[in-house]
Structures are given as structure tokens and as C-alpha cells.
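Subject: Structure for your review

Dear colleague,

I am passing on the structure we spoke about, and my notes on it follow below. Please read them alongside the coordinates.

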Amino acid sequence: MKRVGVFLCWCGSNIAATVDVPALAEYAAKLPNVVYVEQNKYTCSEPGQEQIRKAIAEHRLNRVVVAACSPRMHETTFRRTLASASLNPYLLEMANVREHCSWVHQDRAEATAKARALVRRAVAKVQLARPLFQSSIPVNRRALVIGGGIAGIQAALDIADSGHKVVLVEREPTIGGRMAQLDKTFPTLDCSSCILTPKMVDAAQHENIQLWTYSEVEEVGGYVGNFQVKIRRRATSINASACTGCGACWEKCPAKTGNEFDLGLGQRKAIYVPFPQAVPNKPVIDRDLCIYFKTGRCRICQRFCTAGAVEFEQQDVVVEETFGAIVAATGFEQFDHAVYGEYGYGKHPDVITGLHLERLISASGPSDGKVKRPSNGAVPETVVFVQCVGSRDEAKGVSYCSRACCMYTAKHAIMLHEKIPGVSTFVFYIDVRAAGKGYEEFYARAQELGAQYVRGRVARVYQRGDKLVVMGEDTLLGAKVQVEADLVVLATAMTARHDAQSLARTLGISYDQNGFFTEAHPKLRPVETNTAGIFLAGACQGPKDIPDTVAQGTAAAAKVNNLFAKENLLAEPTVATVNEAWCSGCLWCKPTCPYRAIDSKTISQRQVGKILTRQVATVNAGLCQGCGACTVACRTGAMNLLGFSNEQILAEVDAICP
Amino acid sequence: MLSIKGKRGDAVVRTITLSALEPGRTRLQGEVEAMGGTNVRRCYQCGKCSGGCPASFAMEAQPRQVMRMVQLGDREGALATNTIWLCASCLACTTRCPREVEIAGVMEALRIISRRERRVPSDRNVALFHDIFVDAIRRRGRLNEFELAMRYKLASRNLFADIAQGISMMLRGKLALIPHKYRGRAQVQAIFRRIKEAEVKRS
Amino acid sequence: MSVGEQSWKPTIVAFCCNWCSYAGADLAGTSRLQYPATVRIIRVPCSGRVNPQFIVRAFQRGADGVLVAGCHPGDCHYSTGNYYARRRFLLATRFLEYLGIEPGRLWVRWISGSEGHKFATVIKEMSAALERLGPNVKLREGAL
Amino acid sequence: MKYVYYPGCSLGGTAREYGISARAVNDALGLEFQELADWSCCGASSAHMTNLDLALALPVRNLALAEAQGARELVTACASCYQRLAIVAHEVNTHPRARERANQLTGADYKGGVTPRHLLDVLGKDVGVDRVAARVTRPLEGLKVACYYGCLLVRPVKATGFDDPEDPQTMDTLVKAAGAQVVTWPFKTECCGASFSMSRTDVVAGMAAAVLSEAKAAGADCLVTACPMCHSNLDMRQSMAARVARTTFNLPIYYITQLLGLSFGYMPRQLGLNSHFVKALPLLRRLRLV
């Protein structure tokens, strides 16, 4: 005997303002097998949940329907409620009368009629629900961290410190990422290398961390606890264990190009370490640039290497490894301001980005810390900072705010005033966003030092003679203003990596319209993804500054440690199941399964006194993720999906049709 | 190195009682949007339009400020500035706006609203010139620049300005004295008639 | 509601995959995007779970339109489910035509979790299209 | 190559020399321009300032005439006409309701199949720089030119779109093909205020002065344009602009067709080079180009 209880949530006025909940309650009471109906202001609150528990006991309910918000929001909550009332948690069904009804319709009568249909659907489905039980799968306690910037380093160290093995994969020849390019950090003006380099060394020397630089993730299979990952370890052409990092090779190498680490402001050779503090401090050969690889002649580096570490014949190696969890920490790219014709299409040498300025200010940068105009090497007397280049621009850039630019611009202004006596700086801004500990004070300091803040977005930057003319409106004056500047620094937007989407597909995680990876919940699950076992850290999830990035790295590590605290994982029981009596053994289902969870087995049956053996399909519940593709491929209807059975879906269809 | 170009006109300093204006999406906004096809609400007052406006030195209010007036529903303010008449429709603002607001389109809409409401244009000469221009098309179907210049100068009581240029233009054969006469004229006049009829019907 | 009434509004049965389209519909909700109250959503794990049988059943029970919504090709949570769905519904549309159901009554759309706007737009467009087509009487039980 | 051609009101009047020189260049390049029969004013400058219906109907009458003649394109040399025609064509070609309204007002049956094009676009794309260069017999060596496109040719991008709105190149490549030197300067598409040329001479003087100053600062000794409005404004109002800027400019303003014509070997008189306010010939004589 099915005894269904229906709990209708007002959600304050979120539902009740549009849906006539009392009328809905009256209606629900008349639905088949419904023995109890109750309304709550907030069903998800503790008193609301207590009501459910009480009703289950008092009215001997064995099925529960909650008509409230999206099951994506609170299904887990109410399943737990059922469990605590000793009812199998899968005997719950939610009717989404908030996101799919009260919030998207205005007409009360229409919304209430629709809510009735939605409750009818849930009641119909829950009748056919069966108790389900989670199965357990073993966890491989080894983590993969993708990206060796500060986010990845932090995550790797925190996981490794908890005693778990970590592989840290980095695409570049060194770890360190963006932070290594910075000179100082706001709002404390700590030297970036001074706080980062020790962490890089720690990561390299940690007994639990394997550092794989110059490597990329190519394929990811499996599932939480058991990911199978293919990683390409690109040929560095250097025998790392033989190399002493003496530097003789890159001193003698005749092939030069712009150094990516200095954004082309300085030069590097074909055999190179990106910067002196690189970790590992061993060179790689850029095969596109190397004269030997292009012409078959040269080998100068090999001749000068006393350790005999140069190995031209090295090949890429693809390794396959198993991991229990993955942290994506692939960072961001800078917006390309060449789309702005009004700022000169990126053609003026003295129009640079904030990151360029970091390299110019840095004592280890291409100009030894002297800020010079790229065009003529002169010290700039007037510098203009342009905020929101690409950010907050739906026409040519991205719609979001890049979050870090206001503060690093204040930092740049402070540093220029310290480095160049008598310098004039102008900061053109739309809004100054200084929401962070010590940030507002830092911004005030920039103003005190003499940075002139002008409220208005720059309309044009163009060359006149030796100077750059910057035109804009001072919107506080309501007047057009112009500055004749020596150097213009653009605060370009932080954007997702150009290939972030392809990595997302490889990992099977989702990304937003800007290409940033999507967290499972914007507030409550900020470092998880919708794919179990894959976590996010740093700017690959959205623009952020260093403090937030480090916090996220640590948070992602905590989530991994959480997972690794268990020997076995409980798997969702909503998996495919075979009715062996109906299965014809055709195995059409097998190729549709993306998880290779379906196999065949032989069963024996007693039929009319004889023992018959035949082949049927079988599902590995640990591997099955419950997509249901096999159910549709099945011609006899033997394959079914627990929790979303054919019978249930048909009952739902029947219930919602007019 | 900050230099402010030009001088602002004698903008009247007013206290605006915001609560007395229409709340939410105002009627003025609606009218402007219907004509300019643009959502003025989207403007976030960054000033990129005005910073690049070549005529802003002569304007009483920056184009950005006119956007603000429309957002607030400040009809009197928006229609009283000479800004709407000094907009040359060069579209530098529209092309650069990060919020894709068609600023020049808004100016155009405000000029037409001002006309519809038979207000005294805040720049009489600009308005007068356009009137005479359009009337000249109505008369002949094509524009006779000489006739336009003469009629404008008569109407603006400024007959002797540019007289030297006028004469030298004539000497260079640049001002055709003979008005065009051709079949298209009747059709153009029919267009004017239909528009007039539509206007009468609307009011 | 009977057909003759002026206020006739279509009924749409929508099968939405849990990971993308259902989330997209949730986002339409959290963004308070308004759309006609014609649609009723059935949550499925993946668009690949939707059996053509479910669609036929919906038409039999009087649904005026059926929407199958899943993740964008290449973005399927289960990596390949929506490819199966796409192939299957090409065939299903032809089968429905054979039964006399106008192809315009079955819509297959890819709506991601970030496309609340698209969800609302699809429902608006589909409702309008179905209003032009009129009620489904062909397969409706009792009409046969 | 054959085109249906919309002359516009200025090319017979204030821009007479543009009309003459365009014809000369077209002859030299084998372009056949057939004048749109019975054309009328497109309303540029003023119709869209007074009445939206008028701004819609006047261009559509001409587009409809062109379509009825079987043309898919309508070429004009006037930047102002080009922009009005392009804006309205974009609107009525993509929005059936606007088209309906325009047909009601004009009594025509325009179906939306005509694309307005500017002469500069035709020269740059259809003829091509190479064919122009091949026709040059008297390279304009030593002439330093600021190519001034003005605001009408390249905006709004969605309706015009044949060149970049901030740093267009079509005219630059043609001028280079003619053997002259182009200067890099920032005000290629800054508005000169021509629409106030009569009504607000003070504003125009300021705007023109800004454009001329930047050209001068960039080292140009003349400007070249493809717009009758810009031309008459920068030419006729140059002395006034100089007074406002307290300087002298002495920058002749040429039409692109005049410079091309000159490089093709035409005589100054055949190109109307004698009818400018800022004397056009002394500079050319000094450089021994005439």
C-alpha cells in the first residue's frame, strides 16, 4: 500500500506570491494514494524538515513529494531528511514549482494550474519509486594537478602535505605561472618572487610531488576515484638528471627570439630556461627555433655541455596514469587589445599592458627594473593608466569585471611614484573596485602619492609627434580632457585560456559563456565541478587576484583530501539494470555505453525440466554513471534505469498531459 | 598637463526632484528607444562617448549627460540642451560605446521629439537650416545648393556672412543657378504628402 | 480546455537533461525570465535517455508539442549521449510524420546550463509556433 | 565594369570638380557609370534630423528605381549620400516591416535587393590597387598626403562595413598606388562638422581646425577626401579654422579622383583643380607634378 505525503513549500513569498499554495494543497490531497498534505513557509529549514520526519512517523508515509525549488538545489537535503526518518532516500520526488513555475510566470491562475500538473507528475512518479542502495567503489589516493601556477602549486603542496601522492603537470618548461612574472603584489607590496620562489622549490622537492613540466593532459577516462589519464611529456631534448643547469649551452646558442616570459620585451635563445629562478632550473630546446632541428647542423650547445646532457634524439612520451582526483588550475590569458582601433590596434610601442609594466619594473626584468619607454628608452614623465580595456565592454570585449585591475593599477601608480621622482600619473577609471582587506586604504595611498584619478573611460589614444595623446571625458567635471603622455598602460581583461574549452571537454566538465570552468554551485560548492572528483582552483574558474587564488587552491586541496579520507566511495544507485528474463542477449546496448560498464554473462535457466544456458547483458554498477543511453538501445525493454525507469517516465508523461 | 578645451555654455543650474520624475523605465526612454532602437538603460556613464566627441567643446551638456537625463526621464533637461542640435551624427560615440547604446540615434530621436512637441529648438540656426533643407527637397525633388544657401541666409537674417565665399563659388561654377526640373519631383512631393497625411491621422 | 475556446494554449512536454537543459531552465528561473506557462518539464539524466516511445505517448495523451533538450554537441555530461539523441530524433521525426504528426510539434534543442535566456526563448518560440499549428488532435486518444 | 550610378545633388554643384574628376578616372579605368534615371535627393544632412518617415522614404525611392532597372548595387561618389542610402538599405533590406512602411510612403515596390556602394570601395575592391597602379603614368612623387575619410564613409559599421571605422586603409592604398606618400595620422575618421557648415560656423571652425592641425602635425602637405561635404568644409572654411587655431594651414584639399586623375596623366583643368578655395596648384607645381 503506497502512502504518499506531499509537502508544499511557500519559500517565503517566492512561491506563494505567484502560486495559490492553499488551493494546491487541497488539490494534492485528492491525488491517488496521497494520505497527507502539509504546507510550510520554508520546507528546507530545520523545522520544515522536522515536520516531514514527524509526518513520516505519524502517518506511516512510505513515499514523499516535496513541491519546492529545483531538485538541483535541495534534493540531497530532503533525501537526507528521509534517511533520518528511516525511509529510503530514493523514495523522494521533488516538484520544481519555483524555478520552473513561480519565478517564470506572473499570472496566478496559470501558474497555479501548472503547479498542479507538476505536483501530479511528482506524485505519479513517486508511486513507482523503489528503495535504492548505494554501492561502493575503491578510491585511488593519488591526485593530478593540472597547471603549475600559484593555484596549482598551492593545491599540490596541501594535498602532498596530507600524505597523498600528487602529479603536478605544467605545460611550460617551468612552474610559477603568472605570479612569477609579477614584481610586487598588492596591497602589501611583498616581492612576488620572494614569496613564490620558495613555494616553487618546495613543490619540486616534496617527496609526495612529482613535477612534470613541459607536459600536457591529452585524454581523461574513468570516473571519481579511478580516472585514467594520458599525459604527453614533451621532449625537452635535455637529460634532466645529467644537466647541472650551468648555463653554458644557452650562452652559446646562436638562435634568438622574444622571451615569452618578458612578453617579448627581452630575448631568449632556442635552448633556454624561461627565467633565472625557473623550477626545474634545467633548459629545454625550442625545436621550432633550434637551428639543428631546422637545418640538421649546429649542435653548439651539445659541444659546450660538459655533462653531455643534450639529447637531440629524445621523443615525446605519452604515459597513462591512474588518479583518484583531478584539480584543474590552468589560469588565464590576457585580453588582446589589438581589437581597439581607438587605442591604436596595439601598434604603438608605448601603449603597453599592465603585465608588460610588471616586467619593466621587475629588477630581474629586461630593463633591470628601470622603467623606460619601449620606443626610445627614455624615462617616462607622464604615464596614463587606462582601466577596463576589454573588461566591462560587451561590444568589443567581455561583459565581466576582471576584478584585479583596479588594485594592480593602484600598485603600479604607487611604484612609479616611488621609482620616478616627479612623475605624473593619471588613472582613467569607470569605477574603482577595492573590495578586499586593506584594498581601499591601498587605493587611497596611490591617490596621496599623487596619482590623479579621472573618472571616465578613455575614448582615444593616438600618437602626436613623440607623445601619446589620451582623450577622454572627466565625467565628474563633465568636460572633455586630454593628456599628453609618454607611456600608456592598459589594464587588459583577464580572459579564459584560448584552449580552455577543449580541456573542459577532455575532463568532461562544463564552462560558461566566457570559457571559464563552471563550479558546481556559485556559493556553496565553489571549487567542485559537476563531475565528481574534478575540482577547480584559480583563474581558470573566473578572474581573481592572488589571495583568492591561493584560497581556492587550498580549498580544492581540502576537497581532494576529503575524498581521499575514504577508502571507498559510495556510488549513486541510479544506474542501469537488466531484466534477465527479458534480455535477448543481443548486446546492442554495449556499444552505446561511454563507460564500458556493460558486458555479457552466461546464465543458466531451468526450463521445462531442462537446464538452458544463454547469454545476457550485465551492468557494472561501479562504472555505470546512469545516463540511460543503453535503455533506449534495448529492443526488448530489458534494460532499465533505476530512479528514471521507463514506467516512471511514462507515468510522468501521463500525469502532465492535459 | 590637464587641459580643458573650450568653454561650456550657460547651463542652467537646477535642482531636480528625482522623486517627481517618472519611476522605472520612463516614457521618454520608451519614446527614444522606439525611435532610436536602443536601450538607454544600458548606459553606465563611462563617458567614452563624450571623451571622443569632436563637437563636445560647444555642447552645454556632454552626450553622456544627455543619456543620464533620458535615463531619469528628465524631459525638460534633455530637450533644452543644445547638445542634441550640435550632435553632427558622426557616430564615433555609437561605434565605440561598450554597452552598444546608439548615442547618436538617441540625439536624433530627441531632436525629432523636440520638433513634434513644437518646442523652440535650443539651437535655432541648426534647426532652421534643416527645415529649409527639407523644404527645398520638397519643392524640387533634388537639392539646389544655391537656393538652400540663399534661403537660409535670408531666414537667419545673416545675408552678408559668407558673401565672399558665395560669389567665389559662383565664379568657380560651383553653385548651379538653374533649378532642376524633372519627373521625380512629383513623386517626391507625393511622398511628402503621404507623410503629412500620416501625421494628421496620428494626431 | 476545449479547442474552440479563444484562450486555448498549447501544452508542451519537455524532456530536459539534468546537467544542461534542466539547469538552463533553472537559470531562467533564477534570472526571472518570463515565458508562457505552457511547458511542463520531465527531468531525465541525459537527452540520450529519451525513448521515442515517450514522445509518442505524450502525443497520444494530448500534448501539443514535445521538446527534447540536451547539452550542446560535444558538451554532454556523459560525453556521447546527445549524439545518440540527435540521430534518434531525426528518425523519430520521420516516424511521427508517418503517423500524421506535423514535424513542427517535435523540437530538439541544445540548451546549456548557462543559457537561461535560450531556454525562455525556445519556449516562447515553440508556444507561438504551436499556437499557429493549433491543437494536436491526430494521435490524441479518443480522436482515433 | 558597369554600374548604376547615383550622382547626388552636390556633384553637379559644390562638388563639380569631384564629378568631373570621377568621370575622368572612370574612363581611364574602364568603369562604365550609368546614371540612375529620374533620381531624387536622398535627404542626406537634414531629413533624418526632422522626420523619420522622410529619412526612410527618400532613399528608398532611389533604391526602388535602381532595383526596377535590374541593378543589385547602386554606386555613389558622395559619402553623405552613400551613408544615408547604406543605413536605410540596411534597415529595409533586413526588416520587412520597415520595407513595407517605406513602400507605402513611396508608392514603390522595393523588394530589398540593392546594396549601396561607395566609389572608393569600387576602386579598392572591384578595380584593385594593382590595376590602378598599372594605369599610373605620372607618379605623384614627393606629395605627402593625409588620407581623410571623414565620419560618413565607415560608420555605422553594420551598414557600411567596407573598411575599418578607426583606421581605414582603402584610400591609403590607392594614394600609394598613385605614387604619393601617405602620412600616419590619427584623425582619419574624425568628424569635421560639415553639417554645420552654414548654421554654426563657429563650431565648424573648431572641428575643422582639429582635423587640419593633426594632419599638419603629422607632416602632411595636403589632404585627400572622398566626400563633397568634407571637401567643401575643409576647403571653404579653412581660413576661418586657421583664425580660430591662430595659425595658417595652407593645406590643399583634393578629391581622391583628382589625385588619381593627375597620376593617370590628366591635365589639372580636366580635373577641376582650378576651382578650389585653398589653391590646389602651387603645391603640385612646386613638386613638379603639373
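Between chain A and chain B there are 4 salt bridges, a salt bridge being a side-chain nitrogen of Lys or Arg within 4 Å of a carboxyl oxygen of Asp or Glu. Glu394(A) and Arg42(B) form a salt bridge, with their closest N and O atoms 2.3 Å apart. This is a predicted model, in which local features need pLDDT of at least 70 and side-chain atom pairs count only at pLDDT 80 or more, while totals for chains, interfaces and linings use all residues. Residues are numbered from 1 along each chain as its sequence is written, chains are lettered from A and ligands numbered from 1 in the order in which they are written, and side-chain values use heavy atoms, with hydrogens and water left out.

The contact (heavy atoms within 4.5 Å) takes 28 residues from chain A and 27 residues from chain B. The area buried between the two chains is about 2300 Å², of which carbon and sulfur atoms give 49%; buried area here is the accessible area (1.4 Å probe) that two parts lose on being put together, summed over both.

In chain D, 4 strands form an open sheet in the order 2-1-3-4, with parallel pairing; strands (E, at least two residues) are DSSP runs numbered from the N terminus, and two of them pair if DSSP finds at least two bridges between them. The edge strands of chain D are strand 2 (32–35) and strand 4 (115–118), each pairing on one side only. Strand 1 (residues 2–6) of chain D is joined to strand 2 of chain D by 4 bridges, and Tyr5(D) has Glu35(D) as its bridge partner in strand 2 of chain D.

Best regards
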